[in-house]
Amino acid sequence: MSRRVSSSAEIRNLAAVSSGLLTAFVAANDQTLPRLRKHVIAPYDRRYRWWQMFLILLVIYSAWASPFELAFQKVGSGSLLAIDLVVDVFFGVDIIVSFFVAYLDGSTYLLVDDRKKIALRYVTRPWFAMDVASTLPFQVIYRIVTGKHNGGSVFGFINLLRLWRLRRVSTLFTRLEKDIRFSYFWTRFVKLICVTLFALHSAACVYFWLAMHYRIKQKTWIGSQIHDFMDRSIWLGYTYAVYWSITTLTTVGYGDLHAENTGEKLFNIFFMLFNIGLTSYIIGNMTNLIVHSATRTFIMRDKVHQVLRFASKNLLPEGLREQMLAHMQLKFKTMELQQEEILADLPKAVRSSIAQHLFQRTVESTYLFKGISPDFIAQLVSEMKAEYFPPKVDIILQNEMPTDCYIIVSGAVDVLTNKNGTEKFVSKLGPADMVGEIGVIFNMPQPFTVRSRKLSQVVRISHQHLRQIVQPCNIDAEYLKNLREEIVAELPFIEELNCGINANLIPSEELPNCDASISSEKEGTNIEGLRKTLPTRVIIHAHRLSESRKTEGHSLGRLTYLPDSIEELMKLAEQSSGQAVEKILTADGAEVEDLLTLRDNDHLFIC
């Protein structure tokens, strides 16, 4: 029987449960584990995980004891025998427990809690035979059957089957590397240390075993130095063996301990070849970890050098060069705050929720959007992008075409105007203030230069996105009466522009110079006036639609404001194509008969 794992709004340990990505997502906390059959254990049960961690400690002991008992046979049949039996008992219990642990089906990702299926799956897998072989106490069985206490080196090699248990350690490190609660660097570092120590210990034990079983003890690597090493302390021989192993691995090679016979020389050859691979593995991993931590620094330095070369080749002024460098350095400093690459991989709903959490209060405090419905704010905030500007950097240039407007989240900016070559200070703006909205709303060149006073964070609203949201919504757009007096004083033409806007946009009492009859019968505001301030822009292509389809895309066209009539639109098309135009078609091949059917940024083709 398969049971689906229940979901939870708060999962505390996703990556620490399994080495598989999909498996990790079903690892819920103890309160959300599915109800399994009686006497069946969930693999993610906390008690079972603690049991596995306890077995890891016993695996570490087995990894040390198995090669050690091969080299020093007396220890394996004496003082360590009782400890080995206790360890084998625990692993025997684990074999029994494995028949009651539910498993995750690889195709359906459902927990299978049928005990027959669990047992059949475990018995038919290769690791069952290896688990049994590495757990049976063959030396004790031999003593019981034959009555002899010494079976020679055979049991030393049989005990090496316990190294099969090391797969648990490998699985543990794989799981820890994916667990965000642990440092990846230190997890890999500890893993490399463990691999190195095990290699040194195993090589030392095998090398000492060669000396112990050579017929002429004095013609061995240790016998040439200590003639009676067979009668000396076990730990003395182990120390000499580890010393040789370390000097060989590190390629120091003092020469005081060296091979004396053919068997030792052959072993040295294979061990040194193995060391080449082990050393390469260690150096490669450590280099990768260190370089990875400094990757951002390398990229930043490379980008800075590219900026400097570009500025030198183009003879840019010193002030502009400093602005470029300041912006580049700030970009790397704030990369962790923005994380655009990470956010791009998230679902749109999650990105929208993040944006609303970060910027919704600021947008609601902005004068242009006060009193606006939460739905409108949510749509607006979801497409906003945060940017950082260092001090004394131009955010908007006077007389540039409006593409975006900005809301200041933190910091401060100066609003400046340039008249007759002289720069004049107009106003200082801070958090929750807007800049660039006048040019966007009126579709006119930006009337001011906006320069950051100090480190500032802003959110950008594109012209097109603002139009798309504003057009179908009702919005209280009485922005003129909320503008600062010093800004209005620099824009005497605003009242003239607004006289041509639908009177419902701004009540007549707020525009004393306009004809009061325009808006005397309606109260409040609607979006129609604002739509008129945002004329539609279209892209006219100087070739026919069939040619564009052959190229499977649109070539570059001419971006222009939509005129007032079809005739004027055809004249523009004739000027762009240089040939007579009979019809204007949209991108889907429909003929344009009414300009009201066109939308912003539509592609138009001649016919």
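Helices here are DSSP runs of H or I with at least four residues, strands are runs of E with at least two, and both are numbered from the N terminus. The model is a predicted one, so local features need pLDDT of at least 70 and side-chain atom pairs count only at pLDDT 80 or more, while totals for chains, interfaces and linings use all residues. Residues are numbered from 1 along each chain as its sequence is written, and side-chain values use heavy atoms, leaving out hydrogens and water.

Let's start with the record. An unreviewed UniProt entry gives "transmembrane region" at residues 52–72, 79–104, 189–212, 233–254 and 266–291; the positions follow the numbering used here, feature names are shortened, and annotations may be inferred rather than shown by experiment. In the model, residues 52–72 are 95% helix and 0% strand, with end C-alpha atoms 30 Å apart. Residues 189–212 are 100% helix and 0% strand, and their end C-alpha atoms lie 35 Å apart.

Now on to the strands, where pairing requires at least two DSSP bridges between two strands. Four of them make an open sheet in the order β4-β11-β6-β9, with antiparallel pairing. Its edge strands, β4 (385–389) and β9 (434–435), each pair on one side only. Five bridges link β4 to β11 (residues 456–462), and Tyr388 has Gln457 in β11 as its bridge partner.

Finally, take a look at the hairpin of β7 and β8, which has two residues between its strands. Seven bridges join the antiparallel β7 (residues 413–419) and β8 (residues 422–429), with Val413 partnered by Leu429 in β8. In the turn, Asn420 has a positive phi of about 55 degrees.
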